[in-house]
Amino acid sequence: MTSPTSAPTGADQRRGPLRVGDRVQLTDAKGRHHTITLIAGKTFHTHRGQFTHDDLIGQPEGTVIRNTAGVDYLVLRPLLSDLVLSMPRGAAVIYPKDAGQIIQMADIYPGARVVEAGVGSGALTMSLLRAVGDGGELISIERREDFADIARANVESHFGGPHPAWRLEIGDFADQVALVAEPGTVDRVILDMLAPWENIEAAADALAPGGVFLAYVATATQMSRLAEDLRDHGGFTEPHAWENLLRTWHLEGLSVRPDHRMIGHTGFLMTARRMAPGVDAPLRHRRPAKGAYPTADAEWTPEDLGERPVSEKKIRKVRRGALDATPTTDATTDAETTMAGEDS
(Lines give C-alpha, C1' and ligand atoms only; values in the text may rest on other atoms or scores of the structure.)
Protein backbone atom coordinates (compact mmCIF):
# COMPACT_ATOMS: atom_id res chain seq x y z
CA MET A 1 0.00 0.00 0.00
CA THR A 2 1.19 3.51 -0.75
CA SER A 3 0.79 6.44 1.63
CA PRO A 4 -1.53 9.30 0.61
CA THR A 5 1.47 11.48 -0.25
CA SER A 6 3.45 8.92 -2.23
CA ALA A 7 3.05 8.46 -5.97
CA PRO A 8 1.61 5.20 -7.31
CA THR A 9 4.19 2.66 -8.38
CA GLY A 10 5.78 3.66 -11.67
CA ALA A 11 4.27 7.14 -11.80
CA ASP A 12 7.60 8.89 -11.19
CA GLN A 13 9.04 6.97 -14.14
CA ARG A 14 6.54 8.67 -16.43
CA ARG A 15 7.15 12.36 -15.68
CA GLY A 16 9.89 14.96 -15.35
CA PRO A 17 13.12 15.50 -17.32
CA LEU A 18 14.72 12.54 -19.07
CA ARG A 19 17.00 10.63 -16.71
CA VAL A 20 19.64 7.93 -16.82
CA GLY A 21 17.82 4.60 -17.05
CA ASP A 22 14.74 6.04 -18.77
CA ARG A 23 13.44 4.22 -21.80
CA VAL A 24 12.74 6.67 -24.64
CA GLN A 25 11.31 6.36 -28.12
CA LEU A 26 12.98 8.08 -31.07
CA THR A 27 10.83 8.85 -34.11
CA ASP A 28 12.35 10.03 -37.39
CA ALA A 29 10.69 12.05 -40.14
CA LYS A 30 9.36 8.88 -41.81
CA GLY A 31 7.68 7.69 -38.62
CA ARG A 32 10.19 4.93 -37.90
CA HIS A 33 10.77 4.17 -34.25
CA HIS A 34 13.77 3.22 -32.14
CA THR A 35 13.41 2.46 -28.42
CA ILE A 36 16.53 2.95 -26.31
CA THR A 37 17.47 3.13 -22.64
CA LEU A 38 19.46 6.23 -21.68
CA ILE A 39 22.95 5.50 -20.33
CA ALA A 40 25.52 8.15 -19.51
CA GLY A 41 28.37 8.20 -22.01
CA LYS A 42 26.71 5.89 -24.50
CA THR A 43 26.11 6.66 -28.18
CA PHE A 44 23.09 5.88 -30.33
CA HIS A 45 24.11 5.30 -33.91
CA THR A 46 22.69 3.97 -37.16
CA HIS A 47 24.04 4.01 -40.70
CA ARG A 48 22.57 7.54 -40.85
CA GLY A 49 24.61 9.17 -38.10
CA GLN A 50 24.86 9.22 -34.34
CA PHE A 51 24.39 11.24 -31.15
CA THR A 52 25.27 10.71 -27.50
CA HIS A 53 22.78 9.85 -24.77
CA ASP A 54 24.27 12.69 -22.70
CA ASP A 55 22.68 15.13 -25.17
CA LEU A 56 19.25 13.89 -24.02
CA ILE A 57 19.77 13.37 -20.29
CA GLY A 58 18.20 16.28 -18.42
CA GLN A 59 16.11 17.42 -21.39
CA PRO A 60 12.29 17.53 -21.27
CA GLU A 61 10.11 15.14 -23.21
CA GLY A 62 9.15 16.40 -26.64
CA THR A 63 12.75 17.34 -27.43
CA VAL A 64 14.04 17.05 -31.00
CA ILE A 65 17.64 15.96 -31.34
CA ARG A 66 19.73 16.11 -34.51
CA ASN A 67 22.43 13.52 -35.13
CA THR A 68 25.78 13.99 -36.86
CA ALA A 69 24.21 13.40 -40.29
CA GLY A 70 21.52 16.04 -39.78
CA VAL A 71 18.70 13.55 -39.11
CA ASP A 72 16.14 14.81 -36.58
CA TYR A 73 14.47 12.55 -34.02
CA LEU A 74 11.48 13.38 -31.85
CA VAL A 75 12.18 12.14 -28.31
CA LEU A 76 9.36 10.94 -26.04
CA ARG A 77 8.89 8.30 -23.37
CA PRO A 78 7.00 5.44 -25.02
CA LEU A 79 3.37 4.94 -24.14
CA LEU A 80 2.39 1.54 -22.79
CA SER A 81 0.91 0.74 -26.20
CA ASP A 82 4.30 1.48 -27.77
CA LEU A 83 6.21 -0.44 -25.14
CA VAL A 84 4.39 -3.75 -25.47
CA LEU A 85 5.22 -3.86 -29.18
CA SER A 86 8.92 -3.14 -28.69
CA MET A 87 9.78 -4.98 -25.47
CA PRO A 88 11.54 -8.39 -25.45
CA ARG A 89 9.03 -11.17 -25.90
CA GLY A 90 8.86 -14.90 -26.35
CA ALA A 91 5.13 -15.57 -26.54
CA ALA A 92 2.89 -13.39 -28.69
CA VAL A 93 1.54 -10.39 -26.78
CA ILE A 94 -2.06 -9.32 -26.34
CA TYR A 95 -2.35 -6.21 -28.52
CA PRO A 96 -3.13 -2.86 -26.89
CA LYS A 97 -6.54 -2.73 -28.57
CA ASP A 98 -7.51 -6.00 -26.86
CA ALA A 99 -5.90 -5.09 -23.53
CA GLY A 100 -7.99 -1.92 -23.42
CA GLN A 101 -11.16 -3.91 -24.07
CA ILE A 102 -10.23 -6.39 -21.34
CA ILE A 103 -9.76 -3.62 -18.76
CA GLN A 104 -13.11 -2.08 -19.67
CA MET A 105 -15.30 -5.12 -20.33
CA ALA A 106 -13.99 -7.14 -17.39
CA ASP A 107 -14.47 -4.04 -15.22
CA ILE A 108 -10.97 -4.08 -13.72
CA TYR A 109 -11.11 -1.46 -10.97
CA PRO A 110 -8.70 -0.06 -8.35
CA GLY A 111 -8.46 -2.45 -5.43
CA ALA A 112 -9.80 -5.46 -7.36
CA ARG A 113 -8.44 -8.95 -6.78
CA VAL A 114 -7.63 -10.41 -10.20
CA VAL A 115 -6.15 -13.72 -11.32
CA GLU A 116 -4.72 -14.06 -14.82
CA ALA A 117 -3.37 -17.23 -16.38
CA GLY A 118 -1.17 -17.37 -19.43
CA VAL A 119 1.17 -14.44 -18.70
CA GLY A 120 3.26 -14.74 -21.86
CA SER A 121 5.58 -11.73 -22.02
CA GLY A 122 3.70 -9.58 -19.50
CA ALA A 123 1.94 -7.15 -21.87
CA LEU A 124 -1.55 -7.56 -20.37
CA THR A 125 -0.05 -7.80 -16.87
CA MET A 126 1.15 -4.20 -17.08
CA SER A 127 -2.32 -2.94 -18.01
CA LEU A 128 -3.93 -4.99 -15.24
CA LEU A 129 -1.50 -3.66 -12.63
CA ARG A 130 -2.21 -0.09 -13.70
CA ALA A 131 -5.94 -0.77 -13.35
CA VAL A 132 -5.92 -2.49 -9.93
CA GLY A 133 -3.41 -0.02 -8.52
CA ASP A 134 -1.13 -0.47 -5.54
CA GLY A 135 -4.13 -1.27 -3.33
CA GLY A 136 -5.35 -4.15 -5.48
CA GLU A 137 -3.96 -7.60 -6.09
CA LEU A 138 -2.98 -9.32 -9.31
CA ILE A 139 -1.99 -12.99 -9.18
CA SER A 140 -0.43 -14.14 -12.45
CA ILE A 141 -0.05 -17.85 -13.17
CA GLU A 142 2.26 -19.07 -15.94
CA ARG A 143 3.07 -22.67 -16.81
CA ARG A 144 6.48 -21.95 -18.37
CA GLU A 145 9.25 -20.64 -16.17
CA ASP A 146 11.11 -19.09 -19.12
CA PHE A 147 8.03 -17.08 -20.12
CA ALA A 148 7.60 -16.05 -16.48
CA ASP A 149 11.20 -14.76 -16.38
CA ILE A 150 10.61 -12.67 -19.51
CA ALA A 151 7.33 -11.30 -18.11
CA ARG A 152 8.89 -10.44 -14.74
CA ALA A 153 11.78 -8.60 -16.41
CA ASN A 154 9.43 -6.62 -18.67
CA VAL A 155 7.04 -5.67 -15.86
CA GLU A 156 9.78 -4.63 -13.45
CA SER A 157 11.53 -2.65 -16.17
CA HIS A 158 8.30 -0.77 -16.90
CA PHE A 159 7.47 0.03 -13.26
CA GLY A 160 11.08 0.63 -12.19
CA GLY A 161 11.09 -2.39 -9.87
CA PRO A 162 8.72 -4.94 -8.31
CA HIS A 163 5.05 -3.91 -8.14
CA PRO A 164 3.51 -4.25 -4.66
CA ALA A 165 0.22 -5.61 -6.02
CA TRP A 166 1.75 -8.40 -8.12
CA ARG A 167 2.41 -12.06 -7.44
CA LEU A 168 3.78 -14.35 -10.15
CA GLU A 169 3.28 -18.10 -9.70
CA ILE A 170 4.61 -20.97 -11.81
CA GLY A 171 2.35 -23.93 -12.59
CA ASP A 172 -1.03 -24.94 -14.00
CA PHE A 173 -3.94 -22.63 -13.31
CA ALA A 174 -6.21 -25.34 -11.92
CA ASP A 175 -3.55 -26.40 -9.41
CA GLN A 176 -2.24 -22.98 -8.41
CA VAL A 177 -5.42 -20.93 -8.09
CA ALA A 178 -6.69 -23.07 -5.22
CA LEU A 179 -3.39 -22.52 -3.41
CA VAL A 180 -3.20 -18.75 -3.82
CA ALA A 181 -6.87 -17.76 -3.39
CA GLU A 182 -9.61 -18.94 -1.07
CA PRO A 183 -12.82 -20.09 -2.80
CA GLY A 184 -15.13 -17.22 -3.68
CA THR A 185 -12.59 -14.45 -3.06
CA VAL A 186 -11.49 -13.49 -6.57
CA ASP A 187 -13.21 -10.60 -8.35
CA ARG A 188 -12.00 -11.30 -11.89
CA VAL A 189 -10.43 -14.27 -13.70
CA ILE A 190 -8.73 -13.72 -17.06
CA LEU A 191 -7.54 -16.70 -19.09
CA ASP A 192 -5.24 -16.50 -22.12
CA MET A 193 -4.50 -20.12 -22.94
CA LEU A 194 -5.02 -22.87 -25.49
CA ALA A 195 -7.94 -24.66 -23.82
CA PRO A 196 -9.60 -22.35 -21.26
CA TRP A 197 -12.62 -24.68 -20.96
CA GLU A 198 -10.42 -27.09 -19.02
CA ASN A 199 -10.26 -24.52 -16.21
CA ILE A 200 -13.90 -23.44 -15.96
CA GLU A 201 -14.49 -25.37 -12.74
CA ALA A 202 -11.37 -23.98 -11.08
CA ALA A 203 -12.31 -20.45 -12.14
CA ALA A 204 -15.85 -20.92 -10.84
CA ASP A 205 -14.55 -22.03 -7.45
CA ALA A 206 -12.25 -19.01 -7.17
CA LEU A 207 -14.72 -16.35 -8.32
CA ALA A 208 -17.00 -14.45 -5.97
CA PRO A 209 -20.69 -14.29 -6.92
CA GLY A 210 -21.06 -11.71 -9.67
CA GLY A 211 -17.37 -11.98 -10.53
CA VAL A 212 -16.29 -11.76 -14.17
CA PHE A 213 -14.79 -14.63 -16.16
CA LEU A 214 -12.99 -13.43 -19.30
CA ALA A 215 -11.11 -15.52 -21.84
CA TYR A 216 -8.98 -14.50 -24.82
CA VAL A 217 -8.96 -17.10 -27.61
CA ALA A 218 -7.52 -17.04 -31.10
CA THR A 219 -10.00 -19.03 -33.20
CA ALA A 220 -13.72 -19.47 -33.72
CA THR A 221 -13.47 -23.18 -32.83
CA GLN A 222 -12.00 -22.32 -29.43
CA MET A 223 -14.68 -19.69 -28.92
CA SER A 224 -17.48 -22.13 -29.75
CA ARG A 225 -16.13 -24.86 -27.46
CA LEU A 226 -15.70 -22.44 -24.57
CA ALA A 227 -19.20 -20.99 -24.93
CA GLU A 228 -20.83 -24.42 -24.86
CA ASP A 229 -18.82 -25.57 -21.86
CA LEU A 230 -19.69 -22.40 -19.94
CA ARG A 231 -23.38 -23.07 -20.62
CA ASP A 232 -23.08 -26.71 -19.65
CA HIS A 233 -21.39 -25.77 -16.38
CA GLY A 234 -24.52 -23.92 -15.29
CA GLY A 235 -22.77 -21.61 -12.83
CA PHE A 236 -22.31 -18.70 -15.23
CA THR A 237 -24.55 -16.27 -17.04
CA GLU A 238 -24.96 -16.50 -20.80
CA PRO A 239 -21.51 -15.86 -22.35
CA HIS A 240 -20.91 -12.89 -24.63
CA ALA A 241 -18.19 -12.87 -27.30
CA TRP A 242 -16.79 -10.22 -29.63
CA GLU A 243 -13.70 -9.05 -31.46
CA ASN A 244 -12.47 -5.56 -32.21
CA LEU A 245 -10.65 -4.26 -35.26
CA LEU A 246 -8.40 -1.21 -35.37
CA ARG A 247 -8.21 0.89 -38.53
CA THR A 248 -6.09 4.02 -38.55
CA TRP A 249 -6.56 6.94 -40.93
CA HIS A 250 -4.21 8.77 -43.27
CA LEU A 251 -4.25 12.51 -42.53
CA GLU A 252 -2.41 14.73 -44.98
CA GLY A 253 -3.89 17.86 -46.52
CA LEU A 254 -7.07 16.96 -48.39
CA SER A 255 -6.04 13.30 -48.49
CA VAL A 256 -8.07 12.09 -45.52
CA ARG A 257 -8.90 8.40 -45.88
CA PRO A 258 -8.50 5.06 -44.12
CA ASP A 259 -4.98 3.65 -44.14
CA HIS A 260 -4.39 0.76 -46.52
CA ARG A 261 -3.30 -1.49 -43.66
CA MET A 262 -5.04 -2.16 -40.37
CA ILE A 263 -4.79 -4.35 -37.29
CA GLY A 264 -7.53 -6.83 -38.06
CA HIS A 265 -8.30 -10.04 -36.23
CA THR A 266 -6.04 -10.75 -33.29
CA GLY A 267 -8.36 -12.75 -31.04
CA PHE A 268 -11.84 -13.18 -29.60
CA LEU A 269 -12.88 -12.02 -26.15
CA MET A 270 -15.57 -13.81 -24.15
CA THR A 271 -17.09 -12.87 -20.81
CA ALA A 272 -19.55 -14.43 -18.38
CA ARG A 273 -20.61 -13.61 -14.80
CA ARG A 274 -20.42 -16.03 -11.88
CA MET A 275 -23.79 -17.08 -10.47
CA ALA A 276 -24.37 -17.36 -6.72
CA PRO A 277 -23.52 -20.81 -5.27
CA GLY A 278 -26.30 -23.32 -5.88
CA VAL A 279 -28.12 -21.08 -8.36
CA ASP A 280 -28.30 -22.24 -11.96
CA ALA A 281 -28.34 -19.85 -14.87
CA PRO A 282 -31.65 -19.62 -16.75
CA LEU A 283 -31.87 -22.01 -19.67
CA ARG A 284 -31.13 -20.52 -23.06
CA HIS A 285 -33.93 -21.00 -25.55
CA ARG A 286 -33.68 -22.22 -29.15
CA ARG A 287 -30.24 -23.73 -28.92
CA PRO A 288 -28.78 -25.51 -31.98
CA ALA A 289 -29.10 -29.24 -32.38
CA LYS A 290 -26.76 -31.40 -30.31
CA GLY A 291 -24.88 -32.48 -33.42
CA ALA A 292 -23.62 -28.93 -33.80
CA TYR A 293 -21.49 -29.16 -30.65
CA PRO A 294 -17.79 -30.11 -30.58
CA THR A 295 -16.94 -33.44 -28.98
CA ALA A 296 -15.87 -33.29 -25.36
CA ASP A 297 -12.83 -35.52 -25.84
CA ALA A 298 -11.31 -33.57 -28.74
CA GLU A 299 -7.61 -32.89 -28.29
CA TRP A 300 -6.21 -29.46 -29.09
CA THR A 301 -2.72 -28.53 -30.12
CA PRO A 302 -1.24 -25.14 -31.04
CA GLU A 303 -0.69 -26.43 -34.59
CA ASP A 304 -4.39 -27.29 -34.92
CA LEU A 305 -5.21 -23.65 -34.24
CA GLY A 306 -2.64 -22.26 -36.65
CA GLU A 307 -0.25 -20.96 -34.01
CA ARG A 308 3.31 -20.51 -35.16
CA PRO A 309 5.61 -22.49 -32.86
CA VAL A 310 8.31 -20.53 -31.02
CA SER A 311 11.70 -22.22 -30.98
CA GLU A 312 13.39 -22.95 -27.67
CA LYS A 313 16.50 -21.19 -29.02
CA LYS A 314 14.54 -17.95 -29.49
CA ILE A 315 12.99 -18.22 -26.01
CA ARG A 316 16.43 -18.64 -24.44
CA LYS A 317 17.76 -15.62 -26.36
CA VAL A 318 14.80 -13.39 -25.43
CA ARG A 319 14.96 -14.57 -21.82
CA ARG A 320 18.65 -13.63 -21.55
CA GLY A 321 18.00 -10.25 -23.14
CA ALA A 322 15.03 -9.50 -20.90
CA LEU A 323 16.87 -10.44 -17.73
CA ASP A 324 19.89 -8.38 -18.77
CA ALA A 325 17.60 -5.38 -19.32
CA THR A 326 16.01 -5.53 -15.87
CA PRO A 327 16.89 -2.34 -13.90
CA THR A 328 19.12 -2.74 -10.86
CA THR A 329 20.14 -0.38 -8.10
CA ASP A 330 23.68 0.17 -9.36
CA ALA A 331 23.45 -0.21 -13.11
CA THR A 332 21.13 0.38 -16.00
CA THR A 333 20.50 -1.63 -19.12
CA ASP A 334 22.54 -1.23 -22.24
CA ALA A 335 19.92 -2.89 -24.38
CA GLU A 336 18.67 -1.04 -27.39
CA THR A 337 15.74 -2.54 -29.25
CA THR A 338 14.11 -1.47 -32.44
CA MET A 339 10.32 -1.57 -32.49
CA ALA A 340 9.00 -4.81 -33.94
CA GLY A 341 8.04 -4.54 -37.55
CA GLU A 342 9.80 -1.23 -38.19
CA ASP A 343 12.84 -0.62 -40.35
CA SER A 344 16.00 0.56 -38.68
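**Side-chain contacts in a predicted model**

Reader: How many aromatic pairs does the count come to?

Author: This is a predicted model. Rings pair if their centres lie within 6.5 Å. By this rule the count of aromatic pairs comes to four.

Reader: Is the pair of Phe 44 and Phe 51 stacked, edge-to-face or tilted?

Author: The two ring centres, of Phe 44 and Phe 51, are 5.4 Å apart, with the planes at 45 degrees. Planes under 30 degrees apart count as stacked and over 60 as edge-to-face, the rest being tilted. At 45 degrees, therefore, the pair of Phe 44 and Phe 51 is tilted.

Reader: Is Phe 51 buried or exposed?

Author: Buried means under 20% relative accessible area. Phe 44 has 4% and is buried. Phe 51 has a relative accessibility of 4%, so Phe 51 counts as buried.

Reader: Which residues do ring pairs link into a cluster?

Author: Phe 44 and Phe 51 form a tilted pair. Ring pairs also bring in a tyrosine, and the cluster consists of Phe 44, Phe 51 and Tyr 73.

Reader: Over which ring does the charged end of Arg 144 sit?

Author: A charge sits over a ring if, for Arg, CZ is within 6 Å of the ring centre and within 35 degrees of the ring normal. The charged end of Arg 144 is 4.3 Å from the centre of the ring in question, that of Phe 147.

Reader: At what distance from the ring centre of Phe 236 does Arg 274 lie?

Author: The cut-off for such a placement is within 6 Å of the ring centre. Arg 274 lies over the face of Phe 236, and its distance from the ring centre is 5.8 Å.

Reader: Is Leu 74 buried, partly exposed or exposed?

Author: Leu 74 belongs to strand 6, residues 72-76. With Val 64 and Leu 76 it forms a nonpolar patch on the surface, about 230 Å² of accessible area together. Between under 20% for buried and over 50% for exposed lies the partly exposed class. Leu 74 has 35% relative accessibility, so Leu 74 counts as partly exposed.

Reader: Which side chain is joined to that of His 33 by a polar contact?

Author: His 33 is in strand 2, residues 33-37, and is buried at a relative accessible area of 17%. A contact of 3.1 Å joins its side chain to that of Thr 27.

Reader: Where does Asp 107 lie?

Author: Asp 107 is not a glycine, yet has a positive phi of about 55 degrees. At 42% relative accessibility, Asp 107 is partly exposed. Asp 107 lies in the loop between helix 2 (96-105) and strand 7 (113-117).

Reader: With which residue does Arg 66 form a salt bridge?

Author: Side chains of opposite charge can pair when their charged atoms come close. Arg 66 is exposed at 55% relative accessibility. The closest N and O atoms of Arg 66 and its partner are 2.7 Å apart, and the partner is Asp 72.

Reader: Why are Arg 152 and Asp 149 separated by about one helical turn?

Author: Arg 152 and Asp 149 form a salt bridge, with their closest N and O atoms 3.3 Å apart. Arg 152 is partly exposed at 30%, whereas Asp 149 is buried at 12%. Both residues are in helix 4 (residues 145-159), and the separation is about one turn because they are three residues apart.

Notes:
Residues are numbered from 1 along each chain as its sequence is written. This is a predicted model: local features need pLDDT of at least 70, side-chain atom pairs count only at pLDDT 80 or more; totals for chains, interfaces and linings use all residues. Side-chain values use heavy atoms; hydrogens and water are left out. Rings of Phe, Tyr and Trp (its six-membered ring) pair if their centres lie within 6.5 Å; planes under 30 degrees apart count as stacked, over 60 as edge-to-face and the rest as tilted. Buried means under 20% relative accessible area, exposed over 50%, partly exposed in between (1.4 Å probe, protein chains only). Patches are made of residues with over 30% relative accessible area and no salt bridge: like charges are joined within 9 Å, nonpolar side chains (Val, Leu, Ile, Met, Phe, Trp, Tyr) within 5 Å. Accessible areas come from the Shrake-Rupley method with a 1.4 Å probe; for residues, only the protein chains shown count as cover. A salt bridge is a side-chain nitrogen of Lys or Arg within 4 Å of a carboxyl oxygen of Asp or Glu. Helices (H or I, at least four residues) and strands (E, at least two) are DSSP runs, numbered from the N terminus. A polar contact is a pair of N or O atoms within 3.5 Å; within protein, one must be able to donate a hydrogen and the other to accept it, and residues adjacent in sequence count only if both atoms are side-chain atoms.
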